[in-house]
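Biologist: Can you walk me through this model? I'd like to start with the contacts between chains.

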Amino acid sequence: MTNHWIDIKNSDCILIMGSNAAENHPISFKYVTEAQQKGAKVINVDPRFTRTSSRADIYTALRSGTDIAFLGGMIKYIMDNKLYNKEYVANYTNATFIVGKSFKFKNGLFSGYDSKKRKYDKSKWAFAMDAKGVPKMDRTLKNSRCVLQLLKKHFSRYNTKLVSKITGTPREDLLKIYQTYAASGATGKAATIMYAMGWTQHTVGVQNIRTMAMIQLLLGNMGVAGGGVNALRGESNVQGSTDHCLLWHIWPGYLKTPRASNVSLDAYNKKWTPKSNDPLSANWWQNYAKYSVSLLKSFFGEKATKKNDFGYSWLPKVDDGKAYSWLDLFDEMYKGSIKGFFAWGQNPACSGANAGKTRKAMERLDWMVNVNLFDNETGSFWKGPGVNPSKVKTEVFMLPACTSVEKEGSITNSGRWMQWRYQGPKPLGNSLSDGDIIIALGEKIKSAYKNSGTFTQPIRNLKWDYLTNGEYDPHKVAKEINGYYLEGPKKGKLVESFGKLKADGSTSSANWLYCHSYTEKGNMSARRSKQDAPNNIGLYPGFAWCWPVNRRIIYNRASVDLKGQPWDKKDWVIKFAGDVKGGKYVSKKWVGDVPDGGWYPLENPDGSKREDAKHPFIMRKHGHAQIYGPGRADGPFPEHYEPLECPVEKNLMNKQRINPVAPIYKTKADAFATCDPKYPFVGTTYRVSEHWQTGLMTRPQPWLLELQPQVFVEMSEELAKLKGIKNGERVLATSARGSLKCTAIVTKRFKPFKIAGNTVHQVGFPWHYGWRWPESGEEESANLLTPSTGDPNTRIPETKAFMVNVKKI
Amino acid sequence: MKVTRREFIQITGATAAGLAVSGLGFDLAPVKSHAQMLKTKYAKETTTICCYCAVGCGAIVHTSKRGDGRVINIEGDPDHVINRGSLCSKGASLKQLTENENRLTEPMYRAPYSKEWKSVSWEWALTKIAKRVKETRDATFKYKNVIGQVVNRTEGIASVGSAAMDNEECWIYQALMRALGLVYVEHQARI
Amino acid sequence: MSKSFFVDTTLCTACRACQVACKQWHDLPAEETKNRGTYENPADLSFDTYKLVRMREEVIGGKLKWLFFPEQCRHCVEAPCLDTAGDASAIYKDAATGAIIFTANTKGMNVDEIIESCPYNIPRKGPDGTLAKCDMCLDRVQNGLLPACVKTCPTGAMNFGERADIVALAKSRLFAVKKANPKAALLDTDDVNVIYLVAEKPSLYHKFAVASNAAFDITRQVALRRMFTPLTNIVSRLL
């Protein structure tokens, strides 16, 4: 979230789309309700009517996988009616940038497409640069090659008639929602988006979110209270674990995983440090080397020296242009190249797309280590449905972890708040905290490599001094994450904030983003002050701690005008309060939230420009938010493409049916079916309030199983009639990849769609189940049905739109 | 800075209303309830953050100071500025996640082609895992890729997990995996 | 002055935290359930389930509504169950809170009549014949805590406090909700200590949303028993 949970109460209009907040983030509705009672409009767009819809002021349905068409229509509406916030757009976004001549869009393809490699040459989308190497701009927004004009042209095709044909949403609903939401373009008004996996789990996932981010920028909703782009993250520490980058492509603090072509630390830092020639651009990532070197110092401690490139060569490099994502990982495992596997606090046998492929892949492993609270479908895959244990060679170690209340440490919520939690009871039985298990395993591995082994340096040199009295000490790690001064007068002291980190090895910080979280003042994440900030908008700066540097609303420099005064006088986030002399600011002072960089505003009170100011979007190379995004794999503007499996022969928006760069996997287990009469209905997956993720932390609980005991499929009364299915009876759902027995919920909450004149039915499944719990073994994972394809940028699987059949058993 | 103790709900021992009637000689305890004296009265109180979704709600854990030292009650933390005492159905069931007879309490091992689990010691399990890691890593370790660039990695071992771990655990976990040379390191954020 | 609940169904999201929080505090076991073609579960209140969110899909004025009704004992101002039992060691009213409390002494009583006497069809019989239902979390309330279901509610659908404050809150919410929902109403306000606000016709939410007249009909047996149990009735009023 760019903003945070409490801030939702400050909104004038809340769009809940691609998420089901009332069910999956129930406490968020405390703040949705509060905003609504103050007069905010709540809009919900979802293929089916949910518990969120029941509380919305406006609800409408769309067919799964058509969000870009829906939102593209809103962009057209905003452009046609000139509802964008012109001052904001012209000064804070790249709407003014001139795009180079090689950028083109035709027949659903952007320039630079290589159909053999299914890849774009992104250099074709570059900005036109001036002689100094700064993007050419037209602050009047009139140049036909400026981003705003190109945007207008691009979305001119997204008229409500066509959008309605694609999405199945009635035109009057589209108009009502566009009008209601776009009203937030007025100065001082804020609208927010609450989205989740309903947007990410598509072959156009990133562009779904980009479309909305662009709307937020057009309407001036980024950086302000009650605005922002808010991903409702689904797991208690998925934010923190992403910040610490348990992902193939990034290192802690969103540094890049080195590529094989980054042959030295210097080459690595050069490659990933962006350069801007605009003196008004803060270009925050220019500090890259300070963060990467401090990270290496945390990895290897004193063993990391300037002479050995701080141990850079000891860490693995990935091949340029190759992905090592979840889908690729299980594809490789299926093909047999992966021999050993850790499934640590995760249940891939149920959680990933195409679970049948995943389960088959596990049979090809030599060994697996599974760490969990409960026995589960992954650890026990060798005795799962249809598997003969005597044919499975895999050796499996199942290690019992303790629960979160049985240990101490911190987690980071969706609003980036790092919060400390304490130990209640001791771990049950012989279970251990993950921390104790990791430390003990690390010690065992270190001792195995003590006298022999391949490439032993990284293992032997890994800093591993996190014990106190023989036990894992989370405080020691938390301090290392913050970082220390390693030399000079403050040697041994904790670093105050990341502004002090150095690229010469004199500081450590295991994650620069968290530098400021545990300082000589103490553990900031354990703070409990209920005192609000002076702006009284629910920032609670003394409660817990949030990254970066306790800034509660990021991009908040965009919440003020060029003179540093808030667009919204009532619910303001920051404001410049420096002294004024002769119409000029003469001292620096911001009040409210921690500002996104403490520089002077771009203009003085008398309207004169300042040269010591910075553009507000400091993490962007050019300091401007990106309405045009030339870094994406699938185009600088979003475009509607159908899901890989879809119910229509043709994309009505352009000549490409599917995202032209979506990854395609080709094993026997990767079957797909589009417009196949065997699988005539659109399927989607989702969650319910009473279970969580694969259900492994809720299915073994009788109280929760009582509420939602069985896997189900929801369908319209019309479809049930067509298939002769009765409410509450068990039915069989099938896709090109697998089948699922489930209970039919025949409901008014699903309605057939009219798509280009045809009736299209959609059904939906919760993905919380698996054969191990409940013990009947009858409730299975909906991911047995879902396809292993995904977004070309992130490779998040497309589990939200695919094709199925349902029939009586 | 000392760790700030939360301002817990002040539980008084006020029981007058309930006990006053006992003189009548009836057992007036409501069915299935623990009237008059709170079951949490003598418990240790600690704060936690809910382990389910990422709203980050605060909860209070009441742990028995006597007997088995297990959890008696978990409910919303009224002094937490986000949830202000409320919890959803999952949060309200937190006690049953911890006090659950289905939990694993011993390391288990399944030998190749075996039909069953057997309990093993931590020492045995971790020693054997370290051995397997070393065997597989060393057999699959690549110093260079096909075009001769230095890569120092293994593609023979993969690891997934976990958004359920604490930040500090996440950091040491990824450090260990990366020191081993793993590149297939993924977790929930990808799916 | 008694304590009262205000249940604002217009704010309920049916997250059902109240159902679980109730079981958690009371250490009540889960029931074995099946999906019956609805999210609503268990199918009914029981000896082990004091609170149940009813969920109904209704098309009203061409618009789909999903109506939620967190059902529980109303802690009636004049409780028919109490009169029917006629034994304050089995069913009594807590003087300080107005909570209607069932004790283990309900075992072996005229439990079917007690159940039948309830205008809201709340009490349920256990395997040994004991009756159970919501106890207002009397232990919590006596110790200055909110009932578990109220404490856990995220949206303000569940409220609890002094009756006068709760009635005032209910009336102000009715006023606000009525602007958009002319059919909005408070249910049986004067007769109960659990006041519901609904936006639509009460019967659409649940058969027993408002007091059922049928259930109020006192059977002959009950009337007779009342005649013979004046003393215990007096005791119960004293409490």
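This is a predicted model: local features need pLDDT of at least 70, side-chain atom pairs count only at pLDDT 80 or more; totals for chains, interfaces and linings use all residues.

Biologist: How many residues of chain B are in contact with chain A?

Modeller: 118 residues of chain B are in contact with 172 residues of chain A. Contact means heavy atoms within 4.5 Å.

Biologist: And how much area do the two chains bury between them?

Modeller: About 12,900 Å², with 62% of it on carbon and sulfur atoms. Buried area is the accessible area (1.4 Å probe) that two parts lose on being put together, summed over both.

Biologist: Which three residues supply more of chain B's share than any other three?

Modeller: Trp171(B), Arg190(B) and Ile191(B). Together they supply 7% of the area that chain B buries against chain A.

Biologist: How many salt bridges across that interface?

Modeller: The rule finds ten between chain B and chain A. It asks for a side-chain nitrogen of Lys or Arg within 4 Å of a carboxyl oxygen of Asp or Glu. Over all chains, a search of the whole structure finds 68.

Biologist: Give me one. Which residue does Lys128(B) pair with?

Modeller: Glu395(A), with the closest N and O atoms 3.9 Å apart. Lys128(B) sits in helix α4 of chain B, and Glu395(A) in strand β14 (residues 395-400) of chain A. Helices (H or I, at least four residues) and strands (E, at least two) are DSSP runs, numbered from the N terminus.

Biologist: How many residue pairs are in polar contact there?

Modeller: The rule finds 90 across the interface of chain B and chain A, both residues at pLDDT 80 or more. A polar contact is a pair of N or O atoms within 3.5 Å; within protein, one must be able to donate a hydrogen and the other to accept it, and residues adjacent in sequence count only if both atoms are side-chain atoms. Helix α4 (residues 122-140) of chain B gives the largest share of the side of chain B that touches chain A, 15 residues.

Biologist: What about sheets within chain A? In what order do β15, β16 and β21 run?

Modeller: They form an open antiparallel sheet in the order β15-β16-β21. The edge strands are β15 (409-412) and β21 (545-546), each pairing on one side only. Ser410(A) stands opposite Trp420(A) in β16(A).

Biologist: Now the backbone. Where are there cis peptide bonds?

Modeller: One joins Gly161(B) and Ser162(B), with omega about -25°. Ser162(B) is in the loop between β7 and α5 (167-179) of chain B. Another runs from Asn41(C) to Pro42(C), with omega near -5°. Pro42(C) lies in the loop between α1 (17-26) and β2 (52-60) of chain C.

Biologist: What is the phi of Asp309(A)?

Modeller: Positive, about 60°, although Asp309(A) is not a glycine. Most residues other than glycine have a negative phi. Asp309(A) is in the loop between α12 (288-300) and α13 (326-335) of chain A.

How values were computed:
Residues are numbered from 1 along each chain as its sequence is written. Chains are lettered from A and ligands numbered from 1 in the order in which they are written. Side-chain values use heavy atoms; hydrogens and water are left out. Two strands pair if DSSP finds at least two bridges between them.
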